[in-house]
Amino acid sequence: MNEVKKGDALSLPKGYKQTDVGVIPDDWNVKTIGELFQFQGGSQPAKDNFVFQQKEGYIRLLQIRDYKSDKYESYIPENLAKRFCDKDSIMIGRYGPPIFQILNGLDGAYNVALIKAIPSELITNKYGWYILKQDKLFQFVEKLSQRSSGQTGVDLVQLKGYNSPLPPTKAEQTAIATVLSDTDELITSLDKLIAKKQNIKEGAMHQLLKPKAGWEEKDFGDVTERIIGGGTPSRTNSNYWGDEIPWVTVKDFATFNPYRTQEYITREGLKNSASHLIPKGIIITSTRMALGKAVIYNMDVSINQDLKAIFLRKDMDTMFMYYWFQFKSKQI
């Protein structure tokens, strides 16, 4: 691809243009969400009209939770139902958490906690689905909700004004949506495989770590040399924060990477706080959120006050204790 050299007026690849939503192909357009969709809120009769088993003359009333489970099915008289959707309809969860869930796959009437997004003539239904599934759009809607403490639900006025790039033809939209759909299917199949392997691993841990004849039972303190906590440098001193020392918090447990943390502190920050430098290969666990989980870093790290570094006796195997934490995490 030919690129315009830096210093030229645009500095853009040939065939592309700069817009409010970033660099896009020359023949693409920028449209607001309001131009791409019509939004239709839900409706429901009084709850004394609800029944909880399907019967003649009644239609299922869909709520946000119904897209995750069939445990709480509700039905209302068909003559009182006003808003309808089918399996292909793009539905939005008005309230959270999490706010702005994009849902589909069910037939019925829908209640006031759901909004139906009806694609305009400019877009295909499948491409419209992926427009609303964008991470950036979710973050935009979530931030608006946080400002109002999440009480007002999805701000439709702000949502309609949000800009989105749009391919000029439905054929191109279909091609893009097909690739994204195939990728979703691959991710789903991989998730199922991972879950299956995880079940096999849990079964193996149950067999291998279950106490056997000849094993000794020890208090946890008997197999450790020492347990060290951490701390947080002052957030008001910018000299304490930088890119020198990885600093672990419980947030890193959810996105664990043995070579990376979400935040870093300086050596000055380490020196002027209750944090400690923990050598690589040491078990780190949490005493608050994510209680019972454990991680091992392949690099030296510092830790905050919610975490503990566990230094084992020299005759203890680190990986054995790491898997012991996994085996006992629910009990812990």
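The structure is a predicted model, in which local features need pLDDT of at least 70, side-chain atom pairs count only at pLDDT 80 or more, and totals for chains, interfaces and linings use all residues. Residues are numbered from 1 along each chain as its sequence is written, and side-chain values use heavy atoms, with hydrogens and water left out.

The pockets come first. A pocket is an open set of points, on a 1 Å grid over the protein atoms alone, where a 1.4 Å probe fits, with protein on both sides within 12 Å along at least five of seven lines; its lining residues have an atom within 4 Å of a point. The second largest pocket is lined by 15 residues, and Gln198, Met205, Gln326, Phe327 and Ser329 lie nearest its centre. Seven of the lining residues of this second largest pocket are nonpolar, five polar and three charged. In the largest pocket, by contrast, the lining holds ten nonpolar, six charged and no polar residues. That lining of the largest pocket has 16 residues, with Glu216, Glu217, Lys218, Phe320 and Trp324 nearest the centre.

The next topic is salt bridges. Side chains of opposite charge can pair when their charged atoms come close. A salt bridge is counted when a side-chain nitrogen of Lys or Arg is within 4 Å of a carboxyl oxygen of Asp or Glu. The whole structure contains ten salt bridges. One of them joins arginine 60 to aspartate 70, with the closest N and O atoms 3.4 Å apart. Arginine 60 lies in strand β5 and aspartate 70 in the loop between β5 and β6, so the pair ties together parts that are ten residues apart in sequence. Here a strand is a DSSP run (E, at least two residues), numbered from the N terminus. Arg60 and Asp70 also belong to a salt-bridge network with Asp66 and Glu73.

How exposed are these residues? Buried means under 20% relative accessible area, exposed over 50%, and partly exposed in between (1.4 Å probe, protein chains only). Arginine 60 is buried because its relative accessible area is 13%.

Another salt bridge joins glutamate 263 and arginine 235, whose closest N and O atoms are 2.8 Å apart. Glutamate 263 is buried, at 18% relative accessibility, whereas arginine 235 is exposed, at 52%.

Technical notes: Ala, Val, Leu, Ile, Met, Phe, Trp, Tyr, Cys and Pro count as nonpolar, Asp, Glu, Lys and Arg as charged, and the others, Gly among them, as polar. Helices (H or I, at least four residues) and strands (E, at least two) are DSSP runs, numbered from the N terminus.
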